[in-house]
Amino acid sequence: MKWDTVVIHINPVGIEKLKIIIEELKLFPLPAKDQIQLSIFNQELLKGFHSISIYNNLGLLIREEEVKFQNGSFKIITEALPNGVYSLQLKSSSNETVSKRFVISQ
């Protein structure tokens with residue numbers, strides 16, 4: 001009897017990779033008060049993502065900062081933001097963008 005083992009490694013690229021990141025990236029608590037936390041189990045997916053931008057509901061840029069995930073998570077202080085709906089964009093060095101929405105309710 002003879003058999004072979006085939007190992008398949010999937011390397012998502014392009015839109016499929018961004019879909020996986022959007023599904024894996026968690027943003028909590030919702031609604032937030034003084035901070036929100038980004039968390040992801042597979043940190044390799046976020047390799048190359050280096051900054052976040054926060055936009056208000058009118059699309060105006062509120063804040064930009066560098067992002068460095070520690071043990072798969074990153075905290076963002078939101079205590080200075082007024083109540084409302086915001087969009088968070090995570091950007092890579094190759095101009096890939098992942099967006100998440102969150103609510104501030106204090």
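We'll visit one serine and then some aromatic rings.

Before you click, know that this is a predicted model: local features need pLDDT of at least 70, side-chain atom pairs count only at pLDDT 80 or more, and totals for chains, interfaces and linings use all residues. Residues are numbered from 1 along each chain as its sequence is written, and side-chain values use heavy atoms, with hydrogens and water left out.

**Stop 1: the serine.** Select Ser-53, which sits in strand β3 (residues 49–55). Strands here are DSSP runs (E, at least two residues), numbered from the N terminus. Ser-53 has a relative accessible area of 0%, so it is buried (under 20% relative accessible area, 1.4 Å probe, protein chains only).

**Stop 2: the rings.** How many aromatic pairs does a search of the whole structure find? It finds two. Show Phe-69 and Phe-74: their ring centres are 6.2 Å apart and their planes at 50°, so this pair is tilted. Rings of Phe, Tyr and Trp (its six-membered ring) pair if their centres lie within 6.5 Å; planes under 30 degrees apart count as stacked, over 60 as edge-to-face and the rest as tilted.

Next, pick Tyr-86 and Phe-102, a stacked pair because the centres are 5.6 Å apart and the planes at 20°. Tyr-86 lies in strand β6 (residues 84–92) and Phe-102 in strand β7 (residues 97–104), so the pair ties together parts 16 residues apart in sequence.

Note on methods: Helices (H or I, at least four residues) and strands (E, at least two) are DSSP runs, numbered from the N terminus. Buried means under 20% relative accessible area, exposed over 50%, partly exposed in between (1.4 Å probe, protein chains only).
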